[in-house]
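Colleague: Could you walk me through one part of this model in detail? I'd like to follow a single residue and see what surrounds it.

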Amino acid sequence: MKELTGRPFAVNLNLFPALRPIDNDLYVDAILEEGGVGIVETSGSRPPTALLARLKEAGIKLMHKCTSVHHAVIARRWVTTP
């Protein structure tokens, strides 16, 4: 992506349960180390507070994909809480 644009871009971080658990901190490490990511969209389960904090500290905007207004209202608290 960085070769295709000089502008920030978004990535999706899937938090759905998996048969083989995934260490999402490794994905966050890559997002922060590589740079260029301006937005992280999460989907699935509630993002861990520490994971959100790392992304927020880096100035990355957060959003969570939801299937209903009810879930969106709840998710809004996750991504906007300092």
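Modeller: Happy to, and let's take Leu13. Bear in mind that this is a predicted model. Leaving aside neighbours within four places in sequence, Leu13 is in contact with Asn24, Tyr27, Val28, Val40, Glu41, Thr42, Ser43 and Leu51. Leu13 also belongs to the largest nonpolar core, which has 15 residues. Along with Ile31, Val40, Leu51, Leu55 and Leu62, Leu13 touches the most other members of that core. Two or more core residues come from each of β1 (9–15), α1, β2 (37–44), α2 and α3 (69–80). As a general point, nonpolar side chains in soluble globular proteins tend to be buried together.

Now for the two helices. The axes of α1 (residues 24–34) and α2 (residues 49–57) come within 11 Å and cross at roughly 0°. Because angles under 35 degrees count as roughly parallel, α1 and α2 are therefore roughly parallel to each other. On the α1 side the contact is made by Asn24, Asp25, Val28, Asp29, Ile31 and Leu32, and on the α2 side by Leu51, Arg54 and Leu55. By class, that contact has five nonpolar, one polar and three charged residues.

The bridge partner of Glu41 in β3 is Met63, and β2 and β3 run parallel, joined by four bridges.

Technical notes. Residues are numbered from 1 along each chain as its sequence is written. This is a predicted model: local features need pLDDT of at least 70, side-chain atom pairs count only at pLDDT 80 or more; totals for chains, interfaces and linings use all residues. Side-chain values use heavy atoms; hydrogens and water are left out. Axes are lines fitted to C-alpha atoms, for helices over the stretch in contact, and angles run from 0 to 180 degrees between N-to-C directions. Angles under 35 degrees count as roughly parallel, over 145 as roughly antiparallel, 65 to 115 as roughly perpendicular and the rest as oblique. Contact means heavy atoms within 4.5 Å. Ala, Val, Leu, Ile, Met, Phe, Trp, Tyr, Cys and Pro count as nonpolar, Asp, Glu, Lys and Arg as charged, and the others, Gly among them, as polar. A nonpolar core is a set of buried Ala, Val, Leu, Ile, Met, Phe, Trp, Tyr and Cys residues joined through side-chain atoms within 4.5 Å. Buried means under 20% relative accessible area, exposed over 50%, partly exposed in between (1.4 Å probe, protein chains only). Two strands pair if DSSP finds at least two bridges between them.
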